[in-house]
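Reader: Please walk me through how to read a structure like this one. Keep it brisk.

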Amino acid sequence: MHQIARSMRLWAMCCAFVLLLIHGFTTTTPAAPINFPDVSWEEIPESELGSTCRDDLKTARDYVRTLDTTALMAVQDGRVLLSEGPVQTVSIVFSVRKSVLSMLYGKYVASGTINLDRTLADLGIDDVGGLLPTEQQATLRDLLTSRSGVYHAAANGGDDAAAAPPRGSQTPGRYFLYNNWDFNAAGTAFERLTGRGIYQTFADDLATPLQLEDFDLIRHAHSGNARRSEHLAYPFFLSTRDMARLGYLMLSRGNWHGQQLVPADWVAEITRQTTPAALMHPSRTARRGFGYGYLWWLLEEPPGSPLNGAYMAWGVHGQYILVIPKKAMVVAHKRQVPVAGNWNVSWVGPREFLHVARILAAAPCRAGETR
């Protein structure tokens, strides 16, 4: 009996060793447990923070106050680490809308309602004056990665369309250009394939389960010049604290209090690089040093940087949702426009915003962290 027991123990140890060999080199270190906010965000008491952390937070706050920032909120491990300005104020967040749409796609891609490899021709998507035969071969995946090769005029500005090559000159999927036609047509495709409006879907699939505090469905409507393109923009109006919740949902791989609002595989897919900065067009876009996934900008940082692996939604003037997985942190930033009815106002650019984010990410504010 002792010999049998010994043999069984040896067999179990061998099995465990084999499993380690199979899995040990293919899996990543599990992320830290995610703590979720309640109906309202809870602030981390200052008594829990060390002196170096408090000094770094003061440095970050002092710098933010030199910018034209409306509000900033940094959350870590489910609680507010730093809050500055009226985080409850709602205003337009411009191209952040594109990252939001990417999140909405996930549930319907997973269910098979949306097939990203279907072409515009398959879906019957055309536009004012007609698309070229080569343009009609662009897939939904091409739209989400801004590589469609379709350079038809968009219903709204705020992109790099002025630097677009001639129509029909680029094969779909091979050339990156930040192009609102792609993003707006992706919105049209979403609504046709799901049979649901973007805003109602957002309200049902994300805003309600996330308990967004300031989202108002009534104020949302498509916009743009339909004489230029039938595919209109879908602007969003969000508060900084609700932007932080969307970022925190991404940080938690689409899970919210045990409910999978966005498939985890989809979160990984849309934040995986499809275009490195060096391959972007035009050259000024490449010089920013950000890669691109599926409607999310990806920071290109060295392994030792606390921002390594970070990604962000980015809207003109200074609207940001930055997700920093290495630090279990999200930084949401708002530059509210218009100002007194004026839309031509100063920006908080990515360099200034990321300077703040680096200070916050490097601050030793979690238990056991030192510097």
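This is a predicted model: local features need pLDDT of at least 70, side-chain atom pairs count only at pLDDT 80 or more; totals for chains, interfaces and linings use all residues.

Reader: What pLDDT does the protein average?

Author: pLDDT is the predictor's confidence in each residue, from 0 to 100. The protein averages 91, and 91% of the residues score at least 70. Over residues 1-32 the pLDDT is below 50. That stretch has four contacts in the model beyond near neighbours in sequence, a contact being heavy atoms within 4.5 Å.

Reader: How many disulfides does a search of the whole structure find?

Author: A disulfide is a pair of cysteine sulfur atoms within 2.5 Å. The search finds one. C53 and C365 form it, with their sulfur atoms 2.0 Å apart. It links distant parts of the chain: C53 sits in helix α2 (residues 51-64), C365 in the segment after α11 (350-362), 312 residues apart. Helices (H or I, at least four residues) and strands (E, at least two) are DSSP runs, numbered from the N terminus.

Reader: Is the disulfide of C53 and C365 right-handed or left-handed, and why?

Author: The torsion about the S-S bond is about 100°, so the disulfide is right-handed.

Reader: Are C53 and C365 buried or exposed?

Author: Buried means under 20% relative accessible area, exposed over 50%, partly exposed in between (1.4 Å probe, protein chains only). Both C53 and C365 are buried.

Reader: Which residues lie nearest the centre of the second largest pocket?

Author: On a 1 Å grid over the protein atoms alone, a pocket is an open set of points where a 1.4 Å probe fits, with protein on both sides within 12 Å along at least five of seven lines; lining residues have an atom within 4 Å of a point. Here 23 residues line the pocket, and F94, S95, G158, D159 and V316 lie nearest its centre. The elements giving two or more residues to this lining are α3 (96-111) and β11 (311-315).

Reader: Where does F36 lie?

Author: F36 lies in the loop between α1 (2-23) and α2. F36 is partly exposed, at 21% relative accessible area. Leaving aside neighbours within four places in sequence, its contacts include G78, Y248 and W256.

Reader: What does N308 touch?

Author: Not counting residues up to four places away in sequence, N308 touches E301, P302, P303 and K326. N308 is partly exposed, at 26%.

Methods:
Residues are numbered from 1 along each chain as its sequence is written. Side-chain values use heavy atoms; hydrogens and water are left out.
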